Amino acid sequence: LLKNIRIRYTSLYKPLVRMRRIRIFLYLSFFLLASFTSVAQDASFALPGDICQNENIVLRDNNGGYSFEWDLCFTSLNNLSSVEEVKNLSNASNANAITTVYDSANWYGFVSNRGNNKLLRLEFGSSLKNEPNVTDLGDFGGILRTPKNMVFLQEGGKWYALMINNGNSRLIRFFFSNGLGTAPTAEDLGNIGAFNGPFGLDIGIDNGIIIAAVTNFLSNNISLVNFGSSITNYPSITDHITIGESVGFSRPFGIKFKEENGKWYGVVSSFGNNKVFKMDFGTDLFSSPTFSEISTINNPTEITFLDEVSNRQVLVVGRSSGLYVLTFSNGFQNEPTDLEGLGNFNSLTDVRSISLAKENGLWKCFIAHFANNNLYQLSFNDDCDFVSTEYSSLNSPTVTYSQSGNYPINLTAFD
C-alpha cells in the first residue's frame, strides 16, 4: 500500500420504490487527496442490486487493507446546532487565519497572528472534541510578516505548507520533516507573483501540476503561480499570470478551487463591494477563467467548497453577518440555486477566517477570532431519520433505510 495517500470513493444511491422494493443505481467517483503522486487505484465497494425498505444492507469495500469512514448522512451542514468558546489563545495577537489538518491519527490546527507575527499550533490529539494544547512556533527568525492563510499538502510522504505574508507580500514555504507534530522549517520564496497585499490562498493540482492562487487585496486581482510537478520547486516571477483585473473586484479576500468532471472552478469573495464571484477555468487551471457574479453577502471574508459529491455547496463567511451556504443543485458549471444564512455565531463580529473539518461524519467549523483571540467551535447536527446508522468505521457496516429517496454514501479509506 502507498503511504500517506488518502483515497475517497463515493457511491450515490438513487432508489426507486416499486412494491416497497428499492432499486439501487450505482455511480462511483474517485478522489486522490493530500498527495501529488500519480496513482492508478481501483476503487469500489459492493452493493446489492435490489433492497426493500427496512432491509439490512451490508456494505463491503473490495480493496481491503484500509481503515474506513462510512458517511451515510450528508445533511449535517444545514443544521448549525451550537457555537462554543473552546479556549482563549493566550499567545495569539489578532488571530488572522486558522487551518485544521489531520495527520497520523491526530488533529492539528495552525493559527497565524497579525499582531505578533507568530504561528501557533493547536494539538487536539485524536479528536476535535478535545481542548487543544497550544505550541508557540514563533516567527521563524522574522520571516513571518503579518502572516495570513496557510495551505497544507503532502509530497513524497512529507508535509509541506504555503503561507502568504500580507505585510511584505511574500510567499513562505514550510517543511515538516517528521509529521505535523514537529517543528517545521520556513523558507521565504519572495514575491514571485506580483503580489500586492495578499489575503487569500489556495492550491490546485491539475494533471500533476501544482498551481497556487493568491488574492491581491490592494490591486484587486488574482495571481496564479505555477510550481510545476513539485512543491519543492522554486517558481520565478515568469511562472505566474495575473487574472481578474477587469472583473470588478474590490478588496478580494478568500479564494478556493474545485475540480468537477475534469473541469476546474473557483470562488472568490470580494470584501469591498459585498460580492461573491465564480471562476470557470475549463480544463486548464493555469489560465484566465470566465468570471460571473453569483451572490451578494455583506463583507464576505473566507470562502470554501464543501468536499461532498452529493451536496455541491460553497460556504461563505460574512465578516460580521454570519455564515452562509450557496447550493449548486445542478453542478458548479451552473449558477447557484439557493443561498441560506446559518446564523451570526452568537453575535460574533470581525470573523476573518474559518476552518472546516469533518470528523465521524459530522462537520465542525473553527474560528480563531481576530479581536479577542478566542477559539470557537461551530457544531452541526445530522437530520437523517431515514437511515439506521449515520457513520461507521467498520469494514463492512450493516444499514437499513426506512424511506425511499436519493441516499448518497461516502467512503473514505486510509492506509
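Q: What kind of model is it, and how are residues numbered?
A: This is a predicted model: local features need pLDDT of at least 70 and side-chain atom pairs count only at pLDDT 80 or more, while totals for chains, interfaces and linings use all residues. Residues are numbered from 1 along each chain as its sequence is written, and side-chain values use heavy atoms, with hydrogens and water left out.

Q: Ok, how many helices and strands are there?
A: The protein chain has 0 helices and 36 strands. Both are DSSP runs numbered from the N terminus: helices are H or I with at least four residues, strands are E with at least two.

Q: Pick a strand. Is β27 enclosed or open?
A: Strand β27 (residues 300–305) is largely enclosed by the rest of the structure, because 6 of its 6 residues are buried.

Q: And which strand does β27 pair with?
A: β27 pairs with strand β28 (residues 313–318) in the antiparallel sense, over 4 bridges. Pairing needs at least two DSSP bridges between the strands.

Q: Switching topic: how many aromatic pairs does the structure hold?
A: It holds 19. Rings of Phe, Tyr and Trp (its six-membered ring) pair if their centres lie within 6.5 Å; planes under 30 degrees apart are stacked, over 60 edge-to-face, and the rest tilted. Y160 and F175 make a tilted one, 5.0 Å centre to centre with 35 degrees between the planes.

Q: Where do those two sit?
A: Y160 is in strand β16 (residues 158–165) and F175 in strand β17 (residues 170–176), 15 residues apart. Y160 is buried at 13% relative accessible area, whereas F175 is partly exposed at 28%.

Q: Which aromatics form a cluster?
A: F110, F152, W159 and F176 form one.

Q: Where does the charged end of R352 sit?
A: Over the ring of F370, 3.6 Å from its centre. The rule is NZ of Lys or CZ of Arg within 6 Å of the ring centre and within 35 degrees of the ring normal. R173 likewise lies over the face of Y234, at 4.6 Å from the ring centre.

Notes: Buried < 20%, exposed > 50% of the residue type's maximum accessible area, 1.4 Å probe, protein only.
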